[in-house]
Amino acid sequence: MNETTKYGLFFLGGVVLGALGAVAVTRGKLDVKPLATDLLSAGIDLKEKALSAVESAKEDIADAVAEAKVKSQEKKARAEEAEAAKVEDKTAEAA
């Protein structure tokens, strides 16, 4: 787990605890289980959305890399064809 993810999870945990504390103070009672369940459910949904976005970005990057490789190979093939044509012209002139 990298540092950004670790600090992001700490921040999210702090937000959850702060929200729980604020609700407990405003309600005047400590029936935390339903609220914690709702918050955890929302957190899981948020995590799934974030992972989906990351996966989508990975796919986009992989597509871009594949396209770049194809273009690079095409450029190399054109350069080799041009070089072969030059060599062919030189041998035709020499003959």
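Reader: Which residues form the negative surface patch?

Author: A patch is made of residues with over 30% relative accessible area and no salt bridge, like charges being joined within 9 Å and nonpolar side chains (Val, Leu, Ile, Met, Phe, Trp, Tyr) within 5 Å. A salt bridge is a side-chain nitrogen of Lys or Arg within 4 Å of a carboxyl oxygen of Asp or Glu. Accessible areas come from the Shrake-Rupley method with a 1.4 Å probe, and for residues only the protein chains shown count as cover. Here Glu55, Glu59, Asp60, Asp63 and Glu67 form the negative patch.

Reader: What kind of model is this, and how are residues numbered?

Author: The model is predicted, with local features needing pLDDT of at least 70 and side-chain atom pairs counting only at pLDDT 80 or more, while totals for chains, interfaces and linings use all residues. Residues are numbered from 1 along each chain as its sequence is written, and side-chain values use heavy atoms, leaving out hydrogens and water.

Reader: Where does Glu59 lie, and is Glu59 buried or partly exposed?

Author: Buried means under 20% relative accessible area, exposed over 50%, and partly exposed in between (1.4 Å probe, protein chains only). Glu59 lies in helix α2, residues 32-94, and is partly exposed at 46%.

Reader: How many helices and strands does the protein chain have?

Author: Helices (H or I, at least four residues) and strands (E, at least two) are DSSP runs, numbered from the N terminus. The protein chain has two helices and zero strands. Its radius of gyration is 30 Å, well over the 12 Å from the globule rule for 95 residues, so the chain is more spread out than a compact globule. That radius is taken over C-alpha atoms, and the rule is 2.2 Å times the number of residues to the power 0.38. Along its principal axes the C-alpha trace spans about 100 × 20 × 20 Å. Buried residues make up 3% of the 95.

Reader: Which residues make the nonpolar surface patch?

Author: Leu9, Leu12 and Leu46 make this patch of about 270 Å². Leu12 is in helix α1 and is partly exposed, at 36%.

How values were computed
Lys and Arg count as positive and Asp and Glu as negative; His and the chain ends are not counted. The place of a charge is taken as NZ of Lys, CZ of Arg, CG of Asp or CD of Glu.
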